[in-house]
Amino acid sequence: MTDVSGSERASRRPAPAAKPSRVRMSATQRREQLISIARQIFAERGFDATSIEEVAARAKVSKPVVYEHFGGKEGLYAVVVDREVRALLDRITTALTAGNPRELLEQAALTLLTYIEEETSGFRVLVRESPLMSATGNFSSVMNDVAHQVEHILAGEFSIRGYDPKLAELYSQALVGMVALTGRWWLEVRKPRKETVAAHLVNLAWNGLSHLESKPGPIPRG
């Protein structure tokens, strides 16, 4: 039997596979990665229970990298929320294209439900309360912007039908609030289908609006 030396045996072993080189992210790519990771964690836990340590750990970077991009948790949270506010408002504004007020209401409701369905984490971030939130950076501010658009539509309809157009703001807040609260409920239950939910919202709102009293008063007691 031929004796094989140790050096010969070593030469016959397959060379270890080369480790893939780690691709270094650009500053823009790293910022986007951190925003995406933070968005998910904020959605899961809220502002208070989220830490820079966890964001950094999931991104596989050191904490100073996160601080370098955002200055701290507050800055990171503000960027995440601002993006979601603009994304949701852009969707709803783009959707409000029909001339028929009933169709507009259905479009707004369906757009909100679609956003909840497709961007669940983003919606959870928006509806969570935070001590840092300002009047211009939360879900309520988005709904207020939508209500102002609806107000102009209702004011025109009220004038045509002989109702007081000054009350359009009140009715727009009521309609948009109904859609918003239903959306928060649907976030958890996810049934019935969003198209069905939107249809029922419109059914309640429109059939109520179509039989409005021009000057409603309190219901008589006794």
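Student: So helices are DSSP runs (H or I, at least four residues; strands are E, at least two), numbered from the N terminus. What sort of model is this?

Tutor: This is a predicted model, where local features need pLDDT of at least 70 and side-chain atom pairs count only at pLDDT 80 or more, while totals for chains, interfaces and linings use all residues. Residues are numbered from 1 along each chain as its sequence is written, and side-chain values use heavy atoms, with hydrogens and water left out.

Student: Okay, salt bridges. How many does the structure hold?

Tutor: There are 14 of them, each a side-chain nitrogen of Lys or Arg within 4 Å of a carboxyl oxygen of Asp or Glu. One of them pairs Asp82 with Arg86, where the closest N and O atoms are 3.0 Å apart.

Student: Where do Asp82 and Arg86 sit?

Tutor: Both are in helix H5 (residues 73-95), and because they are four residues apart, about one helical turn separates them. Asp82 is partly exposed at 40% relative accessibility, and Arg86 is partly exposed too, at 43%. For those labels, buried is under 20% relative accessible area, exposed is over 50%, and partly exposed is in between (1.4 Å probe, protein chains only).

Student: Which salt bridge links distant parts of the chain?

Tutor: Glu188 bridges to Arg124, with the closest N and O atoms 3.0 Å apart. That pair ties helix H9 to helix H7 across 64 residues of sequence. Glu188 counts as exposed at 53%, whereas Arg124 is partly exposed at 27%. There's also a network: Arg39, Glu84, Arg91, Glu118 and Glu119 are joined by salt bridges that share partners.

Student: And what does Glu53 pair with?

Tutor: Lys63, with the closest N and O atoms 3.1 Å apart. Here Glu53 is in helix H3 and Lys63 is in helix H4, ten residues apart. Glu53 is partly exposed at 43%, and Lys63 is partly exposed at 34%.

Student: What about Lys60, buried or exposed?

Tutor: Exposed, at 66% relative accessibility. Lys60 is another non-glycine with a positive phi of about 60°, and its loop runs between helix H3 (52-59) and helix H4 (63-70).

Student: Now the inside. What does Met143 touch?

Tutor: Leaving out residues up to four places away in sequence, Met143 touches Leu88, Ile92, Val176 and Ala180, where contact means heavy atoms within 4.5 Å. Met143 is in helix H8 (residues 139-161) and is buried at 9%. Ile92 is also a contact of Thr111, along with Arg91 and Ala95. Thr111 belongs to helix H6 and is buried at 13%.

Student: And Ala205, which helix is that in?

Tutor: Ala205 is in helix H10, buried at 6% relative accessibility. Its contacts beyond four places in sequence are Leu105, Leu175 and Met178. Ala205 and Leu175 are 30 residues apart in sequence but 7.0 Å apart in space, C-alpha to C-alpha.

Student: Last one: which residues in H6 meet H7?

Tutor: Leu112, Tyr115, Ile116, Glu117 and Glu118 do, and on the H7 side they meet Thr120, Gly122, Phe123 and Leu126.
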